[in-house]
Amino acid sequence: MIDLPTRLILQRRYYPALEERVFRELKGLLSDILRPGARVLDAGSGRGTWILELYRDRIASWVRADIEQPRDEAVENFVQCDLAAMPFSDASFDLVLCYNVIEHLADPPRVFADIARVLRPGGYLVFKTPSLYTPAIFISRLTSVNLHRRLKGASGSDRAQVFPTHYRCNTPGALDRALGAVGFVRRCLYTVDQTYEYLAFTRLTYMFGLLYSRTVQSLGPYWLRNVIVGGYMMPG
């Protein structure tokens, strides 16, 4: 796996607008939602989701919740729990973030129902998750969890933080129906492409991934983009 500095060099050369194209809408959504004093639940986060660091000055309470305790280090405000039965009071949070989590859920409707319970009226669920019927995810599903862990370790990441995937609610339509069934109202639901993340084996494969994602994001149909991003509100 190529290292981060090499990836950044290749991004600047072959996909200079990557950050703008891939993350602009998500960052804009979080900027709109998060107000000073926000109470945030980082659900399924492990050590915490990187994007929330951009808004730390607005967050009064940042709780990380996951099914397993992160290894080798203490994590501030970490709660080990099943996301389908969380030990939080009703209406405890202004925002619940599920960043690359939904694909791992064995029972998404139960988790969505408990997220709805712990959100205050007017609170938001924001998520990012793979889109099932796309080339990168199709190939990813053909590989074992152990292989995913080896590749993660080769990239310098924690192999233990690779969990089995189920993809039981990983299309835009399935997400919209499941969230609507527990009372959420859609604010946004869209796709972006991050195929390059799956091709960081060599400079050549990563270059191909960047060019592919750049083309699909600009010209390709939305259903070819391999990531779904959504923001849903709990009415008050």
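## Contacts, cores and salt bridges

Beyond its neighbours within four places in sequence, glutamine 194 is in contact with Val22, Phe23, Lys128, Ser213, Asn226 and Val227, where contact means heavy atoms within 4.5 Å. This is a predicted model, in which local features need pLDDT of at least 70 and side-chain atom pairs count only at pLDDT 80 or more, while totals for chains, interfaces and linings use all residues. Residues are numbered from 1 along each chain as its sequence is written, and side-chain values use heavy atoms, with hydrogens and water left out.

### Around glutamine 194

Glutamine 194 sits in the loop between strand E6 (185–192) and helix H7 (203–218); helices (H or I, at least four residues) and strands (E, at least two) are DSSP runs, numbered from the N terminus. With a relative accessible area of 5%, glutamine 194 is buried. Buried here means under 20% relative accessible area, exposed means over 50%, and partly exposed is in between (1.4 Å probe, protein chains only). The side chain of glutamine 194 also makes a polar contact of 3.0 Å with that of lysine 128. A polar contact is a pair of N or O atoms within 3.5 Å; within protein, one must be able to donate a hydrogen and the other to accept it, and residues adjacent in sequence count only if both atoms are side-chain atoms.

In soluble globular proteins, nonpolar side chains tend to be buried together. Here the largest nonpolar core has 33 residues, and those with the most contacts inside it are Leu26, Leu30, Leu95, Val126 and Leu210. Helix H2 (residues 18–33) gives the most to this core, contributing seven residues. A core is a set of buried Ala, Val, Leu, Ile, Met, Phe, Trp, Tyr and Cys residues joined through side-chain atoms within 4.5 Å. Not counting residues up to four places away in sequence, valine 126 touches Leu26, Leu29, Leu30, Ile33, Leu95, Val96, Leu97, Cys98, Gly230 and Gly231. Apart from this core lies another, of 31 residues, with Leu83, Val111, Val118 and Leu175 among them.

Alanine 116, in helix H3, counts as buried at 12% relative accessibility. Leaving aside neighbours within four places in sequence, alanine 116 is in contact with Val182, Phe184 and Met234. Alanine 116 and aspartate 90 are 26 residues apart in sequence and 8.8 Å apart in space, C-alpha to C-alpha.

### Salt bridges

The structure holds ten salt bridges, each defined by a side-chain nitrogen of Lys or Arg within 4 Å of a carboxyl oxygen of Asp or Glu. Three of them are set out here.

| Salt bridge | N to O distance |
|---|---|
| Arginine 7 and glutamate 197 | 4.0 Å |
| Lysine 27 and glutamate 19 | 3.6 Å |
| Arginine 117 and aspartate 90 | 2.9 Å |

Arginine 117 is partly exposed, with a relative accessible area of 27%, whereas aspartate 90 counts as exposed at 54%. Elsewhere, salt bridges that share partners join Arg39, Asp94 and Arg120 into one network.

### Backbone and surface

Most residues other than glycine have a negative phi, and most peptide bonds are trans. Alanine 91 has a positive phi, near 55°, and lies in the loop between E3 and E4, partly exposed at 31% relative accessibility. Tyrosine 167 also has a positive phi, near 55°; its place is the loop between H5 and H6, and at 9% relative accessibility it counts as buried.

Leucine 142 is in the loop between helix H4 (135–141) and helix H5 (145–154), and is exposed at 65% relative accessibility.
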